Amino acid sequence: MKVEWQSDLQIFSPEECQALVKEFLALEHYDENKESTYYKNSLGFYNMPGSLAYVDRVTSFVKDRYPQLTFNSTYARMYQRNSTLNIHTDRKGLDVAISICIEDNNNLDWPLNISAKRYDGGDWDLEKDPSHFKTKYLEAHCGVGYGAVMEGRNFPHWREELLCGEKQRAIYLFYFWSIPETESKITRLVKEIEERLAELKEEMAKGQQ
Ligand SMILES: [Fe+2]
């Protein structure tokens, strides 16, 4: 079951998108094929200077919902013919993300799919079959300048293969934030478990005496 959603969250004006795209195209890109586990045929750039100029503005769109968050990084990525984004959750520390479309000249309208089923397993496990996450999801469509917010660490997300012409492309900009509260909670839990384990070991040792 999928729910189609058209973003009404405008983050950048068309002119701002054009300037960001121009900057991105002039940079030397990172070839995502080197990390073919998740990506195919796409190019990326980490913390593009022009994207960092908008951190305060973009953060204002998520600050109400997540008051604790701190900005982590941005990533710009260009997808081309046959690009894919395999299902995954984001890395540790990338708790909240906004994906913003900054170029889609050919109206490819390539949606980002976000599972409605929560992933509770910490880091994404490539060995496990992820197909049940695809049975219920949000199909997020973003026009140029519009974005989608997601808890990328908790909800698996992906894009289907981009079927388009050889010269067509779509460019997205991602902003990531960490929620320190989440990390402190986990640290606290791990500490509690370790303490309990130490207690149990002590009890067992006593029992054996
Ligand atoms: Fe992701």
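This is a predicted model: local features need pLDDT of at least 70, side-chain atom pairs count only at pLDDT 80 or more; totals for chains, interfaces and linings use all residues.

Which exposed residues does the face of H1 turned away from its buried side carry?

Modeller: That face of H1 carries the exposed residues Glu15, Lys22 and Ala26. Residues are numbered from 1 along each chain as its sequence is written.

Helix H1 covers residues 14-26; helices (H or I, at least four residues) and strands (E, at least two) are DSSP runs, numbered from the N terminus. Its 13 residues should span 18 Å at 1.5 Å a residue, and the end C-alpha atoms are 19 Å apart, which agrees. The expected span is 1.5 Å times one less than the number of residues. On the buried side of H1 are Cys17, Leu20, Val21 and Phe24. Seen down the helix axis, the buried residues of H1 fall within an arc of 100°, so they line one face; the arc is that of the directions from the axis to the C-beta atoms.

The largest nonpolar core has 35 residues, and Ile100, Cys101, Ile102, Ile171 and Tyr172 touch the most other members. Such a core is a set of buried Ala, Val, Leu, Ile, Met, Phe, Trp, Tyr and Cys residues joined through C-beta atoms within 7 Å. H1, E4 (70-88), E5 (96-103), E6, E7 and E10 (169-178) each supply at least two residues of this core, and the largest share, eight residues, comes from E10. Isoleucine 171 touches Val21 and Phe24, and also Ala76, Met78, Ile102 and Glu103, leaving aside residues up to four places away in sequence. Contact here means C-beta atoms, placed from the backbone, within 7 Å.

Two strands that supply the core, E6 (residues 112-115) and E7 (residues 137-141), run antiparallel and are joined by four bridges; pairing requires at least two bridges found by DSSP. Isoleucine 114 stands opposite leucine 138 in E7. E6 also pairs in the antiparallel sense with E9 (residues 157-159), over two bridges, and asparagine 113 stands opposite tryptophan 158 there.

For the chain as a whole, the secondary structure comes to four helices and 10 strands, and 29% of the 209 residues count as buried.

Note on methods:
A residue is buried if 20 or more other C-beta atoms lie within 10 Å of its own, exposed if 12 or fewer, and partly exposed in between; C-beta atoms are placed from the backbone. Two residues are in contact if their C-beta atoms, placed from the backbone, lie within 7 Å.
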